[in-house]
Amino acid sequence: MKKFFALLKVSVKSMLLSSTNSRGRSRKKAATGVGAIVLIAFLGLYLSGLYSSMLMGVLAPVHMEALVFIFMGMAALVGGLMFTTFAVKGVVFGGKDNDLLLSMPVSSTMLMASRVTAIYLENLLFSFFVLAPAGAVCALMTQGGVGHSLLFWVRLLVAVFALPLLDTALSVLFGALVAFLSTKVSRGALGQNIVMAVYLVAVMWFAFNLNGMIEGLAANAMGVKESLSWAAPMLWMADGIMGDWGLLLAFAACCVVPFVLVVFGLGKVYRQAVTAFAARSARNDYKLSAQSASGQKKALLSKEARRFFGTPMYMWNSGLGLIMLVAMGVAALVMQKDLRMYLGMLEGFPLMPMAALLMGFSLSMCAIAAPSISLEGKYLWILREAPVGERSLLWIKTGFQLLLTVPCTVIAGVCLTIALELPPLEGAVLLLVELLFCAVHAAFGTLIGLTFPKLDAVNETVVVKQSLAVMLGTFVPMAVLGVCALLYWLGGMVSGALALALPLVLLAALAAACALILLNKGPAMLRAL
């Protein structure tokens, strides 16, 4: 067991604690690990707290609390799959240290078990912060006494620890399939992008139809439960949490057995699978063909675009905010009658600041420049040897984010201005504020990427999802939004013009400061890498 726990520690660190390229900076690594945990916990708490309360409000009066655990169990299962399926490809089958670990005096099954257990711990974290809040909401809102006994919480803990086993088994199987297809299909990123797009469409459909679904639940809760017979394990889990120990044990067995089969089954062929995947990824087919000529800037921008659109983990984590931004503007324009009717009930509510905050929040999640340096990895020296100055390289990376964010910002800003019937001056200020925020975010992202690089990451997942640069490049701009909101409120106490001017002055000053630092200090920081 000592060997197993040592391997597990390595696997967990590769998932959560890989943050910087510097040795001995344990505080920064710990901060990144804690940041990743906090992010997963916050997402689980938000989803579970919001939707559990909404569902329990209509299901508790008809004593159908079990449906809440069915839906939250599905949310934990699907969310875990989306978090870890593509990570499995890199962490379990594509780790850079596979050759070293496979040469050690440990069995391939034990190595497989340690890697899979690391995936299980991440799923367990999300499962806990989805099911535990649902249990708390059930205990507070139930009308039948459910949740007021110690045994209820014991059964809930059994479900919390069992569900991630099933989630992990499915993630590993799907991850192995993705890794296999990546060796067979030259454009494996296209397939992953299609899967993520389908998932995003499903999430948006669920969000827009949530109210109708809740009304249907209130009218026919028992019929809805009977229609979910295809998800038998979730039904067993829910009824088990509500008091049926037999069904709870059946659910636990349904989770444990696939997990054990996956670990021991794939563990027997783990060495062969890793070798085959590595051999195929190292292969190159060279074909002689004519090469088109282009300028330096065009070539570098094309390189950034190929990495962004060809790396699903990068594109969907850093580009989701842009999709939300455009979708928000278009939806507001399409449903402007309903939107105006709702906003008419909020007399005196400042619409422009609300739109600015929503747009800024979406833009803050577009951390495109922050991981760009780290994604160069060990091949950064090739870019450094190119006949291009350091300033040009940095401005290209900054400009690529602006190239994506500015058009989306203009589209969303124009749509929201029309939908909310904002005066021309407020519409112009809205666009100017958001464009300045785009400039601040892009320049700051490049600076933070130079300050906290991660050039030896196991895969792009570590850089995009868990690096300190990405977290700072996301949450610091969110804090700037909060400061802008505070300045708007303080300025509004004096005059409307001052309320509009203060956020503009702050963002303009930050954009100028980031640009000057990037211009003067950026080249030296890049050379130091």
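pLDDT is the predictor's confidence in each residue, from 0 to 100. This is a predicted model, in which local features need pLDDT of at least 70, side-chain atom pairs count only at pLDDT 80 or more, and totals for chains, interfaces and linings use all residues. Residues are numbered from 1 along each chain as its sequence is written, and side-chain values use heavy atoms, with hydrogens and water left out.

View 1. Mean pLDDT for the chain is 80, with 79% of residues at 70 or more. Residues 17-26 stay under 50, yet the model gives them 28 contacts (heavy atoms within 4.5 Å) beyond four places in sequence. Where pLDDT is low, the predicted coordinates should not be read in detail.

**View 2. The largest nonpolar core.** This core has 64 residues. A nonpolar core is a set of buried Ala, Val, Leu, Ile, Met, Phe, Trp, Tyr and Cys residues joined through side-chain atoms within 4.5 Å; buried means under 20% relative accessible area with a 1.4 Å probe, protein chains only. Phe69, Ile70, Met72, Leu163 and Phe251 have the most contacts inside it. Helix 5 gives the largest share, 14 residues.

**View 3. Around Phe251.** Beyond four places in sequence, Phe251 touches Ala159, Ala162, Leu163, Pro233, Met234, Trp236 and Met237. A second, separate core of 44 residues includes Phe308, Cys366, Val429 and Val433.

**View 4. Helix 5 (108-141).** Helices are DSSP runs (H or I, at least four residues), numbered from the N terminus. Helix 5 has 34 residues and reaches 49 Å from first to last C-alpha, close to the 50 Å expected at 1.5 Å a residue. That expected span is 1.5 Å times one less than the number of residues. Of the 34 residues, 27 are buried.

How values were computed:
Buried < 20%, exposed > 50% of the residue type's maximum accessible area, 1.4 Å probe, protein only. Helix = DSSP H or I, 4+ residues; strand = E, 2+ residues; numbered from the N terminus.
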